[in-house]
Amino acid sequence: MKLIVNGKESDFADSLTVSKLLVEQKVKMPDMVSVELNGQILRRTKFGETILKDGDKVEFLYFMGGGCGLN
Amino acid sequence: MGLTEQQIERYSRHIILEQVGGAGQEKLLNSKVLIIGAGGLGAPAGLYLAAAGVGTIGIVDSDKVDLTNLQRQIIHHTSDVGVEKVKSAENKMRAINPNIAVRTYQTRVDAENISDIIRQYDFVIDGTDNFPAKFLINDACYFNRVPFSHAGILRFDGQLITVLPGETTCYRCIFSAPPPADAVPSCSQAGVLGVLAGVIGSWQATEAIKYLLGIGDLLTNTLLTYDALTMDVRKVRLNRNVNCPLCGENPQITELKDEGQVVCDLKSCKC
């Protein structure tokens, strides 16, 4: 299936959960990432149970301090 | 009132703009903007807003200028090392434009003092360097309904969003709470490209001026992200979050309180 992750379209295996996508995309510190799925912020507690569908738009949103550092 | 001849000359490049004009410049002269943090983001914002003739500019910071600040905090000069940041910033803003009022607050915003300060202003620029302050500003601006520009910078990346509290997506709509303490390395390890602060802080000043003039499209319900290495600029559309603990349907945050400091020991932090 195709997903649009942070504006870029790529192929992914079917039945992928948001949690697994975070791993697959090698997102560092997934606890600190907010996920927007098709225009709505997804509750963190739903990451494991939310299965992505073909054409879904996913945005990873990162904490950014003002010169302080993460990642 | 009307503009004096000297003002017409000073602001002529604004006044000639159809979207500003004499009336718009008068609006700016009668406006009040608060900059919280006289650091990397607050420096260009303060300089440009002073130059633009924003009539009253407040600036909040409790720190003194440190040598490590000068790589990006362009409102402070080498001769200012050791001087209170608000004083240093005030001097430069007055030097650019002696006709504006600068109010300085040599303090750190907290749940006790922030509302009394921000209520006096039309727009707030969050130029702070830590998450508890960013959440406090978001919450205080929500409870007092003061519009603000949020921004963050890190290494080569920056992001910003403009919030009209109660009307558009707020910081807690995106991030419900500050990051956990053990997930955040110390700020001195990460670094930041100095000019990135100039880019993002200047965009914050742009949003303030647009808001004050009522022109263009504000960066509301949209997070702008910028990668200085690739020069990718993205606008991520973000709808309000019904589960937002502050402005959602069932808010859990009903009064202002300080979030625990989780990023670093700010007294020794030179970020």
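Buried residues account for 46% of the 271 residues in chain B, where a residue is buried if 20 or more other C-beta atoms lie within 10 Å of its own, exposed if 12 or fewer, and partly exposed in between, with C-beta atoms placed from the backbone. The model is a predicted one, in which local features need pLDDT of at least 70 and side-chain atom pairs count only at pLDDT 80 or more, while totals for chains, interfaces and linings use all residues. Residues are numbered from 1 along each chain as its sequence is written, and chains are lettered from A and ligands numbered from 1 in the order in which they are written.

The overall form of chain B comes next. Its C-alpha trace spans about 55 × 45 × 40 Å along the principal axes. The radius of gyration of chain B is 18 Å, which agrees with the value near 18 Å for a compact globule of 271 residues; this radius is taken over C-alpha atoms, and the globule rule is 2.2 Å times the number of residues to the power 0.38. Chain B contains 10 helices and 8 strands, both being DSSP runs numbered from the N terminus (helices H or I, at least four residues; strands E, at least two). Of the contacts in chain B with a separation of 6 or more, 69% join residues 24 or more positions apart, a contact being two residues whose C-beta atoms, placed from the backbone, lie within 7 Å.

In soluble globular proteins, nonpolar side chains tend to be buried together. Here the largest nonpolar core has 71 residues, among which B:Val33, B:Leu49 and B:Val124 touch the most other members. Such a core is a set of buried Ala, Val, Leu, Ile, Met, Phe, Trp, Tyr and Cys residues joined through C-beta atoms within 7 Å. Helix 10 of chain B (residues 194-213) gives the most to this core, namely 9 residues. Beyond its neighbours within four places in sequence, B:Val33 is in contact with residues including B:Leu49, B:Tyr121, B:Phe123 and B:Ala208. A second, separate core of 6 residues includes A:Val18, A:Leu21, A:Leu52 and A:Val58.

Helix 10 of chain B also packs against other helices. The axes of helix 4 (residues 42-52) and helix 10 of chain B come within 7 Å and cross at roughly 40 degrees; axes are lines fitted to C-alpha atoms, for helices over the stretch in contact, and angles run from 0 to 180 degrees between N-to-C directions. Helix 4 of chain B is therefore oblique to helix 10 of chain B, given that angles under 35 degrees count as roughly parallel, over 145 as roughly antiparallel, 65 to 115 as roughly perpendicular and the rest as oblique. Among the residues making this contact are B:Tyr48 and B:Leu49 of helix 4 and B:Ala205 and B:Ala208 of helix 10. Helix 3 of chain B (residues 21-29) packs against helix 10 of chain B at about 115 degrees, with the axes 9 Å apart, so these two helices are roughly perpendicular. Their contact is made by B:Gly24, B:Lys27 and B:Leu28 of helix 3 and B:Ile209, B:Leu212 and B:Leu213 of helix 10.

Two exposed positions complete the picture. B:Gly82 lies in the loop between strand 2 (56-60) and helix 5 (85-96) of chain B and counts as exposed because it has 10 C-beta neighbours inside 10 Å. Leaving aside neighbours within four places in sequence, B:Gly82 is in contact with B:Lys64 and B:Val65. A:Lys8 lies in strand 2 of chain A (residues 8-11) and, with 7 C-beta neighbours inside 10 Å, counts as exposed.
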